Amino acid sequence: MEFEGRTVIVTGAGTGVGAAAAKRLAGGGANVVVNYSRSRDEAEAVAAACREAGGDAAAAQGDVASDEDCKRLAGEAVARWGRIDGLINSAGTTVFRPGNDFETLSQEDFQRIYSVNVVGAFLMTRAVAAQMKSQGSGSVVNISSIAGVMGVGSSIAYAASKGALNTLTLSLARALAPEIRVNTVAPGFITGRWWREKMGEGYDKMVANTEAATPLKRAGTPEDMAAAAVWLLCGDINITGEILISDAGMHLGAAPLKAR
């Protein structure tokens, strides 16, 4: 199979893009660490789906903002499968605050968003780097956001964190070459539970607005982003330090969308 024998850690893999990426990798025969922070039941279900798809998988709890947890996740992967070939940094968090609302975006919110979205990606990458270098190869893909390019997102803190993640990608690509490639996927709007829970009754309208406004006339799915991430991660490609925007063309000039 396409990824048989490879071992990949996917953070934030209990739901969304991380879950879709884990299943896609397992379908190609990969061994997958399905990391989660709080979504234990969902992560266990994803791990079971991975095994049914043809790969091996284990759900593993860990907060990527904790250096100790990141090192433990890497250690568990090596202990079980003997190697680490890939890492997808999909874990992320945010708060929803209007861009002009400075008073309710607290310091604690800002620091927590950064600790997961930026510091967490750094800590996990550092935790796997030595093993990848000892093998002579490895690949890391960060899941960022179009918010990090456009400066507009669920909150100023979120957009700033994703901009920092994009810059971190460039720094790590330089620092870890030639053995390890580091790239990023920057999604636009993604359908699914996360946005549905946040938007409530406005969700369907937001999907319709996205489909109408983007050049490709579609809204992205977790599976779309997983396909891009897995290609960057596992493809035999001469690419590192790339920020791949996957937003159906929204960045070409469409205004940020809001449910009405």
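Student: At what angle do the axes of helix H4 and helix H6 cross, and within what distance do they come?

Tutor: This is a predicted model. The axes of H4 (residues 107–135) and H6 (residues 156–176) cross at roughly 20 degrees and come within 8 Å.

Student: Why are H4 and H6 called roughly parallel?

Tutor: Angles under 35 degrees count as roughly parallel. The crossing is at roughly 20 degrees, so H4 and H6 are roughly parallel to each other. The crossing is right-handed.

Student: Which residues make the contact?

Tutor: On H4 they include Phe110, Ile113, Val118 and Phe122. On H6 they include Ala157, Ala164, Leu165 and Leu168. By class, the contact has 16 nonpolar, three polar and two charged residues.

Student: What makes Thr184 buried?

Tutor: Buried means under 20% relative accessible area. Thr184 has 0%, so it counts as buried. Thr184 sits in strand E6 (residues 180–187).

Student: Which residues is Thr184 in contact with, leaving aside neighbours within four places in sequence?

Tutor: Among them are Asn142, Ser144, Asn166 and Thr169. Leu232, Glu242, Ile243 and Leu244 are also in contact with Thr184.

Student: How do you know that Cys50 is in no disulfide?

Tutor: A disulfide needs two cysteine sulfur atoms within 2.5 Å. The structure holds zero disulfides. For Cys50, the nearest cysteine sulfur is that of Cys234, 13 Å away. Cys70 is in no disulfide either; its nearest cysteine sulfur, that of Cys50, is 20 Å away.

Student: Are Cys50 and Cys70 buried or exposed?

Tutor: The cut-off for buried is under 20%. Cys50 has 0% relative accessibility, so Cys50 is buried. Cys70 also has 0%, so Cys70 is buried.

Student: What is the omega of the peptide bond from Ala177 to Pro178?

Tutor: Omega is near 5 degrees, and the bond is cis. Pro178 is in the loop between H6 and E6.

Student: What makes Lys217 exposed?

Tutor: Exposed means over 50% relative accessible area. Lys217 has 52%, so Lys217 is exposed. Lys217 lies in the loop between helix H8 (203–213) and helix H9 (222–234). Its phi is near 55 degrees, a positive value in a residue other than glycine.

Student: Why is Ala248 called buried?

Tutor: The relative accessible area of Ala248 is 14%. Buried means under 20%, so Ala248 is buried. Ala248 lies in the segment after strand E7 (243–246). Ala248 has a positive phi of about 60 degrees although it is not a glycine.

Key: Residues numbered from 1 in each chain as written. Predicted model: local features only at pLDDT ≥ 70, side-chain atom pairs only at ≥ 80, totals over all residues. Heavy atoms only, no water. Axes fitted to C-alpha atoms, helices over the stretch in contact; angles between N-to-C directions. Helix = DSSP H or I, 4+ residues; strand = E, 2+ residues; numbered from the N terminus. Parallel < 35°, antiparallel > 145°, perpendicular 65-115°, else oblique. Left-handed = near helix turned anticlockwise from the far one by under 90°. Contact = heavy atoms within 4.5 Å. Nonpolar A, V, L, I, M, F, W, Y, C, P; charged D, E, K, R; others polar. Buried < 20%, exposed > 50% of the residue type's maximum accessible area, 1.4 Å probe, protein only.
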